[in-house]
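Here is a short report for a first look. Keep the model in view while reading.

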Amino acid sequence: METILYNFIMLVSRIHTYFLTWNDSIENSFTDKELHFIIVGAFGIGLILVLHPIFLWLSRTGHTMVISFFYVFTVILVLTFAIEIGQGYTGTGVMDFDDAKNGIQGFIAFFIVFLVIRGIIHLIMRAVGARDKGNPRHEEFF
């Protein structure tokens, strides 16, 4: 996990350096804030164009739990790193990469336990015939 996050940070750093180099080479240089506006905005729209069709397909095929996982995992990533950055900035704790890594691993471990419990409940419901088998878009909480 640590290697994956480190490689991601290094990739973002290389991309950042590329855009700074590109910006320095053009005649009409953008400010840092303008670059963030353009790049983050374009990246966000790119993600929408890629992820929206995937999420539509997942929704149509009854895989809404996958959508929920992606959303919650994204929130957990942002929240975990925000907590660590906040601790470092305010001095209320130590900004430690391992804390962030352990928090993310905790969510994944809890989610796996949740999936096992959910699977058992679904098996029991199927055994007693309680699931709506005629509707592939059957929305369920658990």
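Which residue just after helix 2 takes a positive phi? Glycine 62 does, at about 80 degrees.

## Basis

This is a predicted model, where local features need pLDDT of at least 70, side-chain atom pairs count only at pLDDT 80 or more, and totals for chains, interfaces and linings use all residues. Residues are numbered from 1 along each chain as its sequence is written, and side-chain values use heavy atoms, with hydrogens and water left out.

## Overall fold

The protein chain has four helices and zero strands. Its pattern along the sequence is α-α-α-α. Helices (H or I, at least four residues) and strands (E, at least two) are DSSP runs, numbered from the N terminus.

The protein chain has 142 residues, and 10% of them count as buried. Buried means under 20% relative accessible area, exposed over 50%, and partly exposed in between (1.4 Å probe, protein chains only).

## Helix 2

Helix 2 covers residues 32-60, which makes 29 residues. From first C-alpha to last, helix 2 reaches 41 Å, close to the 42 Å expected at 1.5 Å a residue. That expected span is 1.5 Å times one less than the number of residues.

Helix 2 also bends, by about 30 degrees at leucine 51. Proline 53 follows within four residues. The bend is the angle between axes fitted to the seven residues ending at a residue and the seven starting there.

## Helix 1

Isoleucine 9 lies in helix 1, residues 2-25. Isoleucine 9 counts as partly exposed because its relative accessibility is 42%.
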